[in-house]
Amino acid sequence: VYVQDKMAESGQVIWNMLMSECTIYIAGAAGNMPKGVRLVLVDIAVSQGGFSETEAETFVKKLESSRRLQIECW
């Protein structure tokens, strides 16, 4: 079970937190986890926020550029 799996299970909770201006910090191994987390956030924006894939990708990029999504991996 990976962090992105747990995030997918809690999509509604994560979406509510994102709408409340939370910041997400992800730290850990650099393998596939950072990409998987990012993909789950896009999926959550589609499923919970009603965004298109393009809108969801833009939303996640905005989270990154505003530093509300920070990924520290090594």
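R38 and E57 form a salt bridge, with their closest N and O atoms 2.8 Å apart. R38 sits in helix α3 and E57 in helix α4, so the pair ties together parts 19 residues apart in sequence. The model is predicted. It holds four salt bridges.

- R38 is buried, with a relative accessible area of 19%.
- That value falls in the buried class because the cut-off is under 20%.
- E57 is partly exposed, at 26% relative accessible area.
- Salt bridges with shared partners join R38, E57 and E64 into one network.

**Salt bridge E21–R68**

- E21 pairs with R68 in a salt bridge, and the closest N and O atoms are 3.7 Å apart.
- This pair links distant parts of the chain, 47 residues apart.
- E21 lies in the loop between α2 and β1 (24-28), while R68 lies in the loop between α4 (53-65) and β2.
- E21 counts as exposed, at 57% relative accessibility.
- R68 is buried, with a relative accessible area of 14%.

**Salt bridge K6–E9**

- K6 and E9 also form a salt bridge, with 3.6 Å between the closest N and O atoms.
- Both residues belong to helix α1 (residues 3-9).
- They are three residues apart, so about one helical turn separates them.
- E9 is exposed, with a relative accessible area of 59%.
- K6 is partly exposed, with a relative accessible area of 46%.

**Packing of α2 on α3**

- Helix α2 (residues 11-19) and helix α3 (residues 33-47) have axes that come within 10 Å.
- The axes cross at roughly 85°, which makes α2 roughly perpendicular to α3.
- On the α2 side, the contact uses G11, I14, W15 and L18.
- On the α3 side, L41, I44 and A45 meet them.
- The contact residues divide into six nonpolar, one polar and no charged.

**Q70 in strand β2**

- Q70 is found in strand β2 (residues 69-73).
- Q70 is buried, with a relative accessible area of 17%.
- A polar atom of the Q70 side chain lies 2.8 Å from the backbone oxygen of R67.
- Leaving aside neighbours within four places in sequence, Q70 is in contact with T23, I24, Y25 and I26.

Notes: Residues numbered from 1 in each chain as written. Predicted model: local features only at pLDDT ≥ 70, side-chain atom pairs only at ≥ 80, totals over all residues. Heavy atoms only, no water. Axes fitted to C-alpha atoms, helices over the stretch in contact; angles between N-to-C directions. Helix = DSSP H or I, 4+ residues; strand = E, 2+ residues; numbered from the N terminus. Parallel < 35°, antiparallel > 145°, perpendicular 65-115°, else oblique. Contact = heavy atoms within 4.5 Å. Nonpolar A, V, L, I, M, F, W, Y, C, P; charged D, E, K, R; others polar. Buried < 20%, exposed > 50% of the residue type's maximum accessible area, 1.4 Å probe, protein only. Polar contact = N/O pair within 3.5 Å; in protein donor to acceptor, adjacent residues only side chain to side chain. Salt bridge = Lys/Arg side-chain N within 4 Å of Asp/Glu carboxyl O.
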